[in-house]
Each structure stands twice: as structure tokens, then as C-alpha cells.
Amino acid sequence: MAAIKTSSARRSLLRGLTLGLLPLALVGCASLGQRDALKVTVAGLEPLQGEGLELRFLVKLRVQNPNDAAVEFDGVALELELNGKSLASGVSDQKGVVPRFGETLLEVPLTVSAFAAVRQAMGMSDAAERGEMPYTVSGKLAGGLFGSVRFSSSGKLTLPRTAAR
């Protein structure tokens with residue numbers, strides 16, 4: 001009978017320890033994945049040769065990592081919205097590392113379909129009146145130990161004012 005009580009007491013103690021340590025383990029795992037967002041800015045834009053009715057550009061992105069750990073990536077996906085509408089998208093299989101508290105320059109080819117270009121041109125009159133056009137660049141750096149790292153950056157492009165008539 002004493003052996004049964006000891007075995008039962010051990011199980012109870014083990015169960016109590018497990019239930020007590022589980023929240024601590026979950027908090028520890030959650031803090032491992034926490035990191036500040038990457039800061040991504042458009043550093044340049046160059047025209048590329050397109051096919052048929054599409055336009056192509058090479059976008060240069062400056063990616064800054066404000067974290068204490070480097071971000072390894074094995075592929076980049078990018079989406080560009082202009083004036084609240086999707087304009088272009090692109091992918092690249094480049095590999096690299098954004099160093100801890102460092103930055104790197106990425107190059108991603110973007111494709112603009114003729115239909116997206118026409119849709120943007122039709123919406124330009126409102127933006128021209130306001131003198132600015134909002135944009136959003138979003139995407140992800142794929143790979144790494146903890147999977148993909150998503151990013152998003154937005155701002156406003158200032159349009160040149162036309163001379164008064």
C-alpha cells in the first residue's frame with residue numbers, strides 16, 4: 001500500500017511541476033521569436049526590358065535590421081501598391097544575411113502589367129490634385145531558422161506641381 005501512495009505522490013508531483021513549468025516554457029519560447037520589425041526603404045529604381053505589354057523595373061531595397069540577431073534569407077517576395085491599388089510584384093531567389101544592427105541592399109525585379117498601368121493612370125487625376133500619391137511596399141524574406149520575416153513600408157510620393165495657367 002505504501003508503494004502505491006509513493007507512486008501516486010510522484011505522479012502528482014510530476015504533474016504539478018509540469019503544469020507549473022509549462023507557462024514559463026511558453027513565455028520563453030514566445031520571447032525567442034520577438035524582434036523589432038525590419039525597416040525597408042526604396043533606395044533606387046531602374047528600368048528593365050519588358051515583354052509584350054508589361055513594364056519591368058529593378059527595385060533596390062535597403063533593409064535595416066534593428067535586432068541583436070542576424071536575419072538569414074533565401075528568397076525575396078515583393079508587392080508594390082500605389083495610390084491604394086496593386087501596381088507591381090516580383091520575386092528573387094537571392095540569398096543573404098541582414099547583419100545584426102546592420103543593413104543590406106537587395107535587388108528585386110518587379111513586373112507591372114499593362115492593365116495595372118492603365119488602372120493607375122486612370123486614378124492619377126485625384127493624386128495630381130492632391131500633389132502626392134501614397135505607396136506601400138510589402139513583402140517577405142524567406143527562410144532562416146524561424147521561417148519568413150515579413151516587412152512593410154509606406155509613404156507618400158510628392159508629385160511635381162504643374163504651372164498655373
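These are my notebook entries on a predicted model of one protein.

**Ground rules**

I number residues from 1 along each chain as its sequence is written, and my side-chain values use heavy atoms, with hydrogens and water left out. Since the model is predicted, I ask for pLDDT of at least 70 for local features and 80 or more for side-chain atom pairs, while totals for chains, interfaces and linings use all residues.

**Overall layout**

I began with the fold and found two helices and seven strands. I take helices (H or I, at least four residues) and strands (E, at least two) as DSSP runs, numbered from the N terminus. Along the sequence they follow the pattern α-β-β-β-β-β-α-β-β.

Next I looked up burial: 24% of the 165 residues are buried. My cut-offs are under 20% relative accessible area for buried, over 50% for exposed and partly exposed in between, with a 1.4 Å probe and protein chains only.

Then came contacts, meaning heavy atoms within 4.5 Å. Of the contacts with a separation of 6 or more, 60% join residues 24 or more positions apart.

**The largest pocket**

I searched for open space with a 1 Å grid over the protein atoms alone; a pocket is an open set of points where a 1.4 Å probe fits, with protein on both sides within 12 Å along at least five of seven lines, and lining residues have an atom within 4 Å of a point. The largest pocket holds about 350 Å³ of space, where a volume is the space filled by probe spheres set on the points, joined across faces, edges and corners.

What lines the largest pocket? I count 15 residues, and Leu-45, Leu-80, Leu-82, Leu-87 and Leu-157 lie nearest the centre. Two or more lining residues come from each of strand 1 (39–48), strand 2 (55–65), strand 3 (71–82), strand 4 (85–98), strand 5 (102–112) and strand 6 (132–141). The lining is made of 15 nonpolar residues, with no polar and no charged ones. Here Ala, Val, Leu, Ile, Met, Phe, Trp, Tyr, Cys and Pro count as nonpolar, Asp, Glu, Lys and Arg as charged, and the others, Gly among them, as polar.

**The largest nonpolar core**

For a nonpolar core I join buried Ala, Val, Leu, Ile, Met, Phe, Trp, Tyr and Cys residues through side-chain atoms within 4.5 Å. The largest one has 24 residues, and those touching the most other members include Leu-61, Leu-87 and Phe-151. Strands 2, 3, 4, 5, 6 and 7 (149–158) each give two or more residues to this core, and strand 3 gives the most, with six.

I followed up Phe-151: leaving aside neighbours within four places in sequence, its contacts include Val-40, Leu-61, Leu-78 and Leu-141.

Ser-153 counts as buried because its relative accessibility is 17%, whereas Ser-154 counts as exposed because its value is 56%. A polar atom of the Ser-153 side chain lies 2.9 Å from the backbone oxygen of Val-40.

**Positive phi**

Most residues other than glycine have a negative phi. Asn-83, in the loop between strand 3 and strand 4, has a positive phi near 55°. Phe-101, in the loop between strand 4 and strand 5, has a positive phi near 45°.

Technical notes: A polar contact is a pair of N or O atoms within 3.5 Å; within protein, one must be able to donate a hydrogen and the other to accept it, and residues adjacent in sequence count only if both atoms are side-chain atoms.
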